[in-house]
Amino acid sequence: MSREWARVDPAHKAVIEPFLQEVPVKVAGIARALGIEVKAATLKPRISGQIGPSDSSPSGYRHEAKVRQRFTIAHEIAHYLLHRDQIGDGIEDTILYRSTLSDRREAEANRLAADLIMPEKSIVADLRALGTHITPEVATVLAEKYDVSEAAMKIRLGLG
Ligand SMILES: [Zn+2]
C-alpha cells in the first residue's frame, strides 16, 4: 500500500480494511461507513467530484462512466482521510483531479484512491494466480474484475 495509507488514522483503517477483502471494492460502502455522504450530483462543467467541509455535508460525483465515478468517490474519500483539516469550505475536483489543494495533495489523493479500489494484497494474489508477466492484457482482465478503468489499472501495475 502507498505511503499515504500509512498516514491514515488507525480508527479509519479499521473501518476500511474489511471492505478491501472483497473486489470490486464497494467504495460507496466505505464512504457510508466513514460517515461521508456521497451522492450523484449535477456539478459545474468540468468538475468531477466535490467534498464538503465536514463529514455531514454532502459530497458528490458527476454522472460519468461507472468506473470513473468509483475512482472519483475513492479520491474524495482520500481527501477526507488525508486532508480534512485543509478542505476549508469544501473543495471541487476538476475532471483532471485538480482542486484548490496543491498538486502534491492531489497526487496523494490519487495514490490513496488507488489503494482503496485496487488493494495491493488482492492485486498481488491475482497476479500470482494468473502466473504471467504483467501485460496490457492482464491489465484488461483485472480492470474488469476490480471495476476500474484500464488506464487506472495500468498505472497500478506500473504499465502507465
Ligand atoms: Zn482532489
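The legends below describe close-up views of a predicted model.

Residues are numbered from 1 along each chain as its sequence is written. Because the model is predicted, local features need pLDDT of at least 70 and side-chain atom pairs count only at pLDDT 80 or more, while totals for chains, interfaces and linings use all residues; side-chain values use heavy atoms, with hydrogens and water left out.

**View 1. The zinc site.** The zinc ion is coordinated by His75 (NE2), His79 (NE2), Asp93 (OD), Asp93 (OD) and Glu106 (OE), at 2.0 to 2.5 Å. Donors are N, O and S atoms within 2.8 Å of the metal (3.2 Å for Na, K and Ca); water is not among the atoms, so sites may look incomplete. Along the chain, the donors of the zinc ion follow the spacing H-x3-H-x13-D-x12-E. His79 lies in helix H4 (residues 66–83) and Asp93 in strand S4, so the pair ties together parts that are 14 residues apart in sequence. Helices (H or I, at least four residues) and strands (E, at least two) are DSSP runs, numbered from the N terminus. His79 and Asp93 are both buried, where buried means under 20% relative accessible area, exposed over 50% and partly exposed in between (1.4 Å probe, protein chains only).

View 2. Strand S4 spans residues 91–94. Its covered face carries Ile91 and Asp93, and its uncovered face Glu92 and Thr94. In a regular strand the side chains alternate between the two faces of the sheet. Strand S2 (residues 47–51) pairs with S4 in the antiparallel sense over four bridges; two strands pair if DSSP finds at least two bridges between them. Asp93 is the bridge partner of Gly49, and Asp93 also coordinates the zinc ion.

View 3. Glu64 is found in the loop between strand S3 (59–62) and H4. Its relative accessibility is 22%, so Glu64 counts as partly exposed. Leaving aside neighbours within four places in sequence, Glu64 is in contact (heavy atoms within 4.5 Å) with Ser48, Gln69, Thr72 and Ile95.

**View 4. The largest pocket.** This pocket has a volume of about 370 Å³. On a 1 Å grid over the protein atoms alone, a cavity is a set of points where a 1.4 Å probe fits but cannot get out, and a pocket is an open set with protein on both sides within 12 Å along at least five of seven lines; lining residues have an atom within 4 Å of a point. Grid points are joined across faces, edges and corners, and a volume is the space filled by probe spheres set on the points. Of the 16 lining residues, Phe71, Met118, Ala151, Ala152 and Ile155 lie nearest the centre of the largest pocket. H4, helix H5 (103–117) and helix H8 (150–156) each supply at least two residues of the lining.

**View 5. The second largest pocket.** The volume here is about 150 Å³. The lining consists of Met1, Trp5, Glu17, Leu20, Gln21, Pro119, Glu120, Lys121 and Ser122. Helix H6 (residues 120–130) gives the most to this lining, with three residues.

View 6. Val23 and Pro24 are joined by a cis peptide bond, with omega about -5°. Pro24 lies in the loop between helix H2 (10–16) and helix H3 (27–34). In H3 the buried residues are Val27, Gly29, Ile30, Ala31 and Leu34, and they pack against H2, S1, H4 and H5.

View 7. Thr42 is found in the loop between S1 and S2 and is exposed, with a relative accessible area of 76%. Thr42 and Arg62 are 20 residues apart in sequence and 6.1 Å apart in space, C-alpha to C-alpha. Arg46 is found in the loop between strand S1 (38–41) and S2. Arg46 is not a glycine, yet has a positive phi of about 70°; at 57% relative accessibility, Arg46 counts as exposed. Tyr97 lies in the loop between S4 and H5, with a positive phi near 55°. At 9% relative accessibility, Tyr97 counts as buried.
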